[in-house]
Amino acid sequence: MTPLTTLNGKNVHTAYVVGAWGVLMALTAASWWVGADHGFAGLGKRIAMISILVLTFAKIFVVGHSFMELREAARWLTTTFTAWCIVLCLVLSGLYLAI
């Protein structure tokens, strides 16, 4: 692959960056569609809100993994970040449903 640039002596590949950008755009479009008063196929606002939370944490994971160099970090750091995304999403979803 042709490198886009060199960062700290490592090549950042165009395909990887463009792929991550494409995933972020798809997740953004999905969260817009869910939150744009579509009623999420008649399932209700609670399901729409939980879906938006899940999509948001998926975007957080993509940004952390792709653009904050977590894909090349120590295994414990990557695992901690992934667990943080999952646990916080579940806690916020649970708190929202408890209201």
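# Close-up views of a predicted model

View 1. With a relative accessibility of 44%, Trp84 counts as partly exposed, a class that lies between buried, which means under 20% relative accessible area, and exposed, which means over 50% (1.4 Å probe, protein chains only). The structure is a predicted model, in which local features need pLDDT of at least 70 and side-chain atom pairs count only at pLDDT 80 or more, while totals for chains, interfaces and linings use all residues. Residues are numbered from 1 along each chain as its sequence is written, and side-chain values use heavy atoms, with hydrogens and water left out. A pair of aromatic rings is described by the distance of the centres and the angle of the planes. Rings of Phe, Tyr and Trp (for Trp, the six-membered ring) pair if their centres lie within 6.5 Å, and such a pair is called stacked when the planes are under 30 degrees apart, edge-to-face when they are over 60 degrees apart, and tilted for the rest. By this rule the count comes to 3 aromatic pairs. In one of them, the ring centres of Phe57 and Trp84 are 6.3 Å apart and the planes stand at 65°, so this pair is edge-to-face. The pair joins distant parts of the chain, since Phe57 belongs to helix H2 (residues 45-67) and Trp84 to helix H3 (residues 75-98), 27 residues apart. Phe57 itself is buried, with a relative accessible area of 8%.

**View 2. Phe81 beside Trp84 in helix H3.** The rings of Phe81 and Trp84 have centres 6.2 Å apart and planes at 20°, so they form a stacked pair. Phe81 and Trp84 are separated by about one helical turn, because they are 3 residues apart in helix H3. Phe81 counts as buried, at 17% relative accessibility. Taken together, ring pairs link Phe57, Phe61, Phe81 and Trp84 into a cluster.

View 3. How many disulfides does the structure hold? There are 0 disulfides, a disulfide being a pair of cysteine sulfur atoms within 2.5 Å. The sulfur of Cys85 has its closest cysteine sulfur in Cys89, at 8.7 Å, which is too far for a bond. Cys85 is buried, with a relative accessible area of 6%, and Cys89 also counts as buried, at 10% relative accessibility.

View 4. Ser93 has its place in helix H3, where it counts as buried at 9% relative accessibility. A polar atom of the Ser93 side chain lies 2.8 Å from the backbone oxygen of Cys89. When neighbours within four places in sequence are left aside, Ser93 is in contact (heavy atoms within 4.5 Å) with Ile50 and Leu53. Gly94 lies in helix H3 as well, but this residue counts as partly exposed, at 36% relative accessibility. The C-alpha atoms of Gly94 and Ile50 are separated by 9.2 Å, although the two residues are 44 positions apart along the chain.

**View 5. Glu69 in the loop between H2 and H3.** Where does Glu69 lie? Glu69 is found in the loop between H2 and H3, and its phi is positive, at about 65°, although Glu69 is not a glycine. With a relative accessible area of 30%, Glu69 is partly exposed.

**View 6. The whole chain, for orientation.** The chain has 3 helices and 2 strands, where helices (H or I, at least four residues) and strands (E, at least two) are DSSP runs numbered from the N terminus. Along the sequence, the pattern is β-β-α-α-α. Of the 99 residues, 21% count as buried. Among contacts with a separation of 6 or more, 53% are between residues 24 or more positions apart. The accessible surface of the chain, computed by the Shrake-Rupley method with a 1.4 Å probe (for residues, only the protein chains shown count as cover), comes to about 6800 Å², and 73% of it belongs to carbon and sulfur atoms. The average pLDDT is 84, and 80% of the residues score at least 70, where pLDDT is the predictor's confidence in each residue, from 0 to 100. Among the elements of the chain, H3 has the highest mean pLDDT (96), whereas strand E1 (residues 3-7) has the lowest (54).

Technical notes
A polar contact is a pair of N or O atoms within 3.5 Å; within protein, one must be able to donate a hydrogen and the other to accept it, and residues adjacent in sequence count only if both atoms are side-chain atoms.
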